[in-house]
Structure formats: C-alpha cells, structure tokens
Amino acid sequence: MKKGRVDRTALKGVTQMTKEEFVKYQEGMNAQWPLPDYMQGVKGHTQYKDETYQIVTRWTADTPIAYRPHAKAPGSKSHLRYEQYSKATTVGEALNLGSYPVDWCWDYERGFIKVLGGPIRDEPLDISKGEESQVTDVDRAINTWYIRELAKMLGMKVSDVSGSAGWGESVHIRALRLLAQKEAKECLETADAEGRAITDDDVLLTLKRWPFFRNPWRKNVMQEGKTWVFSDTLGLLRDRQGDVHLTASTRRYPQVTELLARWLTDRLPKEVKSFAFTSMNVNCNYAAMLHRDNGNFGPSFIKAFGDFSGGQLQYWPEDAGGDLKDLQKDGSVSMDLQKNLVLFNGNCAHAVEDFTGSRYSIVYFTVGCHAAIEQKDREQLQKLGFPYPSSDADPFELLRRPRGKAAVGGAPGKEHGSCPAYRTFEAATLHDNCQQRPRSAEEVRKITEERVQPENARSFYRTDQRRVRKGYDTPAASEASTKDDEANIDFY
C-alpha cells in the first residue's frame with residue numbers, strides 16, 4: 001500500500017468486504033475486545049496516553065499479539081492496511097506487514113490489539129546503549145518514533161534534543177528528562193497559583209517520567225548477582241575523586257529537584273520542622289539488600305510511591321555497627337513506606353523487603369561532608385528549597401544515638417538522649433501542614449523568574465573545570481578529560 005492520499009474509486013475497486021458484512025462482523029466484538037482499563041471507556045485520539053507509550057515502547061519483535069478481526073470499516077485505506085497487518089501474531093510480523101508504532105498506539109487504545117504474553121521489556125530499549133547485533137527492526141522503529149514523539153511534546157527538533165545532551169545521556173534519556181523538567185516546572189507554577197502543596201500524584205508523575213540511569217556504584221544496596229540499580233542522586237554529592245558539588249542532574253533539571261524537595265518541605269511535621277537535608281536518593285524498582293549508609297550526617301526521611309504491594313522498610317534502630325550477619329531479626333522493625341513518612345538513621349542497618357508492582361522511593365539525607373560545600377552551591381540548593389544544615393548542626397537533635405546490641409530493650413541513657421530512635425508519620429494527614437495562599441498571576445510570574453534556571457553544558461566536572469572551580473587554573477586550561485572523569489559524569 002503506497003503512502004499518501006488514495007483515490008476512493010480505486011479503494012472501492014480493491015475492497016472485498018461490504019458494509020453489511022462489516023456490521024455483522026462487529027456483533028459482540030466490543031465485549032470480547034474491550035478498551036484498556038486506563039482509557040475509562042473513551043476511545044483515544046492522536047495524543048496518546050502516557051500508559052500507552054509505556055506499554056508499546058516495551059514491546060519486542062517476539063512479543064505475541066492478536067488483532068481484533070475486521071475492526072476497521074471498508075471504504076478507507078486504513079481498512080485495507082488493517083486487513084493486511086492484522087494477520088500478524090507478533091509485533092515483528094506486524095511491522096513486516098506494514099504497521100508502525102503509531103498504528104500500534106492507535107489500535108491498542110481502541111482495544112484492537114491484545115498482548116498474549118512475553119517477552120516484554122522492563123523498560124524501553126535505548127538502542128544507543130544496546131548491543132548492535134541484538135537490536136531488531138522493531139527496536140529501531142520504536143526508538144526512532146518515540147524520540148520524535150518526545151521532541152514533538154517538547155516543541156523541539158530531534159537534532160536540538162540530541163545536541164543538548166550531557167555526558168552519559170542518550171537522546172532518549174535527554175528527551176524524557178527534558179519532558180520531566182518541563183512538567184515539573186508547570187506543576188510548581190500551578191501549585192504556586194493555587195497555594196497548595198505538591199501532591200503524591202505530582203511526585204509520582206515526575207518519577208514515572210524520569211528515566212533512571214543504571215547506577216553501578218551503589219554496590220552496598222545490590223542484591224547478589226546484580227551489577228547495577230536504578231538510582232540517581234539529586235542535590236549534593238561527594239564524587240569518587242573527593243570533590244563535593246551539585247550533581248549534574250541537579251544543574252540540568254532544577255525543577256525536578258525542586259518539586260521533589262518541596263514535596264517534603266510542604267508537609268514536614270511540626271515535631272521535626274528543623275529537619276535539614278542536602279541530597280535526595282531517587283530509586284526505582286529495586287529492593288535494597290541489608291546495608292548501612294555509612295557517612296550520612298543525622299537522620300534521613302524516606303517515602304515510597306507507586307502501585308505496589310510489599311516493599312516495607314526493615315530497620316534495626318539500635319544497630320551501632322559490627323558484622324551485618326550478626327544482626328538478630330527480633331531487633332528490627334518493619335515500616336510501611338507506602339502509607340507512612342519515616343524518619344530513620346540511615347547509618348543503622350536497614351533493607352527493603354520484596355515487593356510486586358512499580359515502586360519508587362525518595363530518601364532525603366545530609367552528606368557527611370556538607371560543611372565543605374562552596375557558597376554558590378549552598379545558595380543554589382537553598383533556592384531549590386533545600387533547608388541546608390548549619391556547619392554546627394547536631395546530628396542527634398531529632399533522633400537519638402542507637403544504643404547498640406547490648407542495650408536493646410533498655411531505657412535510653414543520658415549519653416543517648418531522650419529522642420526516639422525513629423519516627424513515623426501517617427502520610428495522608430501531612431498535607432494539612434502546608435500553609436500557603438493562592439498567588440496572583442503577577443506573583444507567580446515573579447516566582448518563576450527567580451527560579452533556578454537549567455544549565456545545558458555537556459559536562460560540568462572535567463579535569464579543567466575542576467581546576468577552575470578550585471582556583472588552580474584558568475578556563476584556558478587543557479580540555480582533555482580522563483576516562484575516570486567521564487565515568488563520574490555519566491552517573492553524577
């Protein structure tokens with residue numbers, strides 16, 4: 001079938017089905033081939049749902065599918081195409097028979113396609129990071145189409161998206177993160193105008209949009225046999241060279257950072273209003289093995305988001321060190337992070353229980369080297385809404401020291417303080433802590449103008465850039481980067 005307009009007379013000449021036959025074929029079909037639940041009974045348009053993108057971009061050439069028989073009315077080019085490609089039993093066959101990702105979205109939202117099983121990817125394939133010999137025509141078709149769709153949503157050309165990507169970012173990741181940044185900025189402006197708190201739904205939308213790096217450095221949380229986890233750090237970090245700075249993602253996508261930080265500050269309970277933090281670990285779909293964070297200053301807040309079951313935080317509040325293998329089960333507590341905001345000591349042993357579904361979590365914490373930050377970075381974080389700790393802050397102001405194995409079950413002594421070892425807050429009740437008023441359009445405009453602006457440098461922490469930051473050299477210094485620099489930039 002040729003692309004472009006086709007004369008209707010020519011179409012009638014090759015159409016073999018009558019309208020009467022078509023009507024008969026439709027009897028009982030709506031019940032057998034319902035719309036996806038998320039469509040809520042309404043057929044889609046050419047602006048497809050996020051859920052549709054999430055489903056279709058995970059298909060492979062071998063994903064088994066079935067098409068609703070004779071779903072499109074005769075007398076149109078789409079009917080002839082559909083009659084041809086609907087014979088397919090896999091996505092690969094559908095592509096070979098003349099359908100494309102845009103057809104799959106259209107047909108899926110109308111209940112014309114059923115997925116009959118696997119294989120289905122856990123995440124969309126970024127072909128720039130795949131093994132060329134393993135990339136199929138379906139992978140290329142989905143990847144090319146999806147990047148164009150994302151660029152269209154951003155109002156940008158694909159070449160502009162590609163040209164602005166940072167070290168370690170593919171076009172695919174750059175486009176999705178720009179979209180997350182755009183939507184986070186819009187969400188913040190709406191919340192400012194309405195005088196409301198950032199909601200769980202606002203956070204979940206941002207986390208679903210955000211494409212996570214495969215982080216190989218957090219080895220202490222990885223289950224046996226794993227070599228990476230989906231985890232990013234926003235805010236402050238000490239990198240593998242000992243340099244303390246804002247992560248590249250914080251500088252490129254400041255409103256994503258601001259939105260996630262504001263979710264917490266909008267609802268901090270009055271008992272812990274003095275809680276401060278420098279950083280956020282943002283995690284996706286992994287159950288952290290038993291570990292200690294080692295190096296955090298003071299307590300951390302943690303909250304989980306998403307549609308999942310299980311995934312409780314297993315926490316040993318009196319753990320003061322030693323071999324993790326010696327920990328006793330009866331010394332732990334289990335906390336539901338889906339329903340509760342939890343303040344805990346990350347330097348004590350903790351783990352995440354197994355779960356099913358889609359689970360995201362955010363850990364708000366302070367790095368031990370927080371006092372070594374440069375003043376301009378501190379000011380940047382404060383503009384992003386981080387309540388930055390003072391250099392003489394007391395790490396045990398809100399939670400006492402762990403008593404250690406020998407003191408489990410005993411009363412807290414003077415040396416441990418009178419604070420609890422952890423605190424839990426019912427998340428559903430905390431939105432009432434947001435005391436803001438609606439703003440006028442002019443006020444919102446001024447707030448928006450004063451927000452931290454995205455930086456689009458390809459890298460921030462090459463060797464020459466580090467020397468300039470530390471005053472060791474001038475911008476005319478050598479631009480050569482070591483492999484270790486680039487590896488560091490990839491993940492931070």
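Which backbone oxygen lies 3.1 Å from a polar atom of the side chain of Gln255? Select Gln255 and Val452: the oxygen belongs to the backbone of Val452.

**Before going on**

The model is predicted, so local features need pLDDT of at least 70 and side-chain atom pairs count only at pLDDT 80 or more, while totals for chains, interfaces and linings use all residues. Residues are numbered from 1 along each chain as its sequence is written, and side-chain values use heavy atoms, with hydrogens and water left out.

**Stop 1: Gln255**

Stay on Gln255. It lies in helix H13, residues 254-265. Helices (H or I, at least four residues) and strands (E, at least two) are DSSP runs, numbered from the N terminus. Gln255 counts as buried, at 2% relative accessibility. Buried means under 20% relative accessible area, exposed over 50%, and partly exposed in between, with a 1.4 Å probe and protein chains only.

Beyond its neighbours within four places in sequence, Gln255 is in contact (heavy atoms within 4.5 Å) with residues including Ala184, Lys185, Leu188, Arg451 and Pro454.

**Stop 2: Ile198**

Go to the loop between helix H10 (171-194) and helix H11 (200-209) and select Ile198. Buried or exposed? Ile198 counts as buried, at 0% relative accessibility. Ile198 and Trp263 are 65 residues apart in sequence, yet 5.1 Å apart in space, C-alpha to C-alpha. Leaving aside neighbours within four places in sequence, the contacts of Ile198 include Cys187, Leu188, Leu259 and Arg267.

**Stop 3: the aromatic rings**

The structure holds 22 aromatic pairs. Rings of Phe, Tyr and Trp (its six-membered ring) pair if their centres lie within 6.5 Å; planes under 30 degrees apart count as stacked, over 60 as edge-to-face and the rest as tilted. Select Trp59 and Tyr108. Their ring centres are 5.9 Å apart and their planes are at 65°, so this pair is edge-to-face. The pair links distant parts of the chain, 49 residues apart: Trp59 is in the loop between helix H4 (50-56) and strand S1 (65-67), and Tyr108 is in helix H7 (residues 101-109). Both residues are buried.

Next, select Phe275, Phe277, Phe301, Tyr364, Phe386 and Phe425, which form one aromatic cluster.

Two charges over rings come next. A charge sits over a ring if NZ of Lys or CZ of Arg is within 6 Å of the ring centre and within 35 degrees of the ring normal. The charged end of Arg177 sits over the ring of Phe213, 4.5 Å from its centre. Lys303 lies over the face of Phe305, 4.6 Å from the ring centre.

**Stop 4**

Select Gly118 and Pro119. The peptide bond between them is cis, with omega near 10°. Pro119 is in the loop between strand S2 (113-115) and helix H8 (137-154).

Now Gln40, in the loop between helix H3 (29-32) and H4. Gln40 has a positive phi of about 50° although it is not a glycine. At 70% relative accessibility, Gln40 counts as exposed. His70, too, has a positive phi of about 50° without being a glycine. Find His70 in the loop between S1 and helix H5 (77-85). His70 is partly exposed, with a relative accessible area of 22%.

**Stop 5: an open pocket**

What volume does the second largest pocket have? About 730 Å³. On a 1 Å grid over the protein atoms alone, a cavity is a set of points where a 1.4 Å probe fits but cannot get out, and a pocket is an open set with protein on both sides within 12 Å along at least five of seven lines; lining residues have an atom within 4 Å of a point. Grid points are joined across faces, edges and corners, and a volume is the space filled by probe spheres set on the points. Select Arg218, Asn281, Asp293, Asn296 and Phe365: of the 34 lining residues, these lie nearest the pocket centre.

Definitions and conventions:
Polar contact = N/O pair within 3.5 Å; in protein donor to acceptor, adjacent residues only side chain to side chain.
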